[in-house]
Amino acid sequence: MPDNVDASEQMVDNWTKQIQETAARYQAMAARMQGQTVTERSKDNTIEVTIDSKGLLTNLVIAEAASGKRMAEVSSQVMRLVQLAQSRIPELLQAAMAETVGTTDETASRVIAEAQSTFPEAPPEEDLAPPEPERHHRFGPEDEEPPPPATGTPPQPKPIPRRRRTQDEDDDDFGGSILS
């Protein structure tokens with residue numbers, strides 16, 4: 001019986017050691033990912049975005065050269081670059097896992113799949129700029145649009161019937177003499 005107890009203790013010790021080693025590897029992977037950032041730039045180098053490993057925007061640089069662009073185009077490029085940078089996070093996570101934890105583990109596969117669903121591939125880049133907004137300038141009352149035409153004549157209010165005063169009523173509103 002002592003052999004069975006010794007074997008059980010050895011087995012528990014091995015499990016404990018494996019769990020501690022796995023936890024240390026995951027901590028190393030988390031520490032490595034903590035400092036990771038991704039930077040993307042527009043083709044004309046007028047916009048640059050940087051995100052952290054959680055996908056949060058940490059830096060945005062818009063060059064003076066972008067001042068000639070429409071704001072709709074600039075904002076569209078910023079969003080596209082953020083999505084592009086975020087889509088690279090699963091690949092960074094997979095590389096960090098391969099170096100620390102390994103990618104054959106079921107937990108590692110789930111973590112990578114979660115990152116891929118959180119940060120999917122960026123949509124394909126469209127060279128079409130956002131549509132030009134319609135421009136209507138109105139400066140004064142003469143440029144205002146007329147009100148919409150009335151649909152039929154509105155009903156006329158009924159006159160309020162007037163009440164006739166009787167002789168008993170006093171002419172003032174106080175209900176009697178102030179001296180009494």
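**A helix pair and its setting**

Author: In this predicted model, helix α3 passes helix α4 in a right-handed crossing. Helix α3 covers residues 89–100 and helix α4 covers residues 106–118. Their axes come within 9 Å of each other and cross at roughly 165 degrees. An angle over 145 degrees counts as roughly antiparallel, and therefore α3 is described as roughly antiparallel to α4.

The residues that form this contact can be named on both sides. Helix α3 contributes P90, L93, Q94 and M97. From helix α4, the residues that meet them are A108, V111, I112, A115 and Q116. Sorted by class, the contact of α3 with α4 holds 7 nonpolar residues and 2 polar ones, with no charged residue.

The wider fold may now be considered. The secondary structure of the protein comprises 4 helices and 3 strands. Along the sequence, these elements follow the pattern α-β-β-β-α-α-α.

The 3 strands form an open sheet in the order β1-β2-β3, with antiparallel pairing. Strands β1 (37–41) and β3 are the edge strands, each of them pairing on one side only. On average, neighbouring strands of the sheet are turned by 10 degrees against each other, direction ignored. Helix α2, residues 71–86, packs on this sheet and touches β1, β2 and β3. The direction of α2 makes about 35 degrees with that of β2.

The pairings within the sheet can be followed strand by strand. Strands β1 and β2 run antiparallel and are joined by 5 bridges. R41 has E48, in β2, as its bridge partner. Strand β2 (residues 47–52) also pairs with strand β3 (residues 57–62), again in the antiparallel sense and over 5 bridges. Here the bridge partner of I51 is L57 in β3. The hairpin of β2 and β3 has 4 residues between the strands, and in this hairpin G55 takes a positive phi near 90 degrees.

Two figures describe the protein as a whole. Of its 180 residues, 21% are buried. Among contacts with a separation of 6 or more, 55% are accounted for by residues 24 or more positions apart.

Definitions and conventions: Residues numbered from 1 in each chain as written. Predicted model: local features only at pLDDT ≥ 70, side-chain atom pairs only at ≥ 80, totals over all residues. Heavy atoms only, no water. Pairing = 2+ DSSP bridges. Helix = DSSP H or I, 4+ residues; strand = E, 2+ residues; numbered from the N terminus. Axes fitted to C-alpha atoms, helices over the stretch in contact; angles between N-to-C directions. Contact = heavy atoms within 4.5 Å. Parallel < 35°, antiparallel > 145°, perpendicular 65-115°, else oblique. Left-handed = near helix turned anticlockwise from the far one by under 90°. Nonpolar A, V, L, I, M, F, W, Y, C, P; charged D, E, K, R; others polar. Buried < 20%, exposed > 50% of the residue type's maximum accessible area, 1.4 Å probe, protein only.
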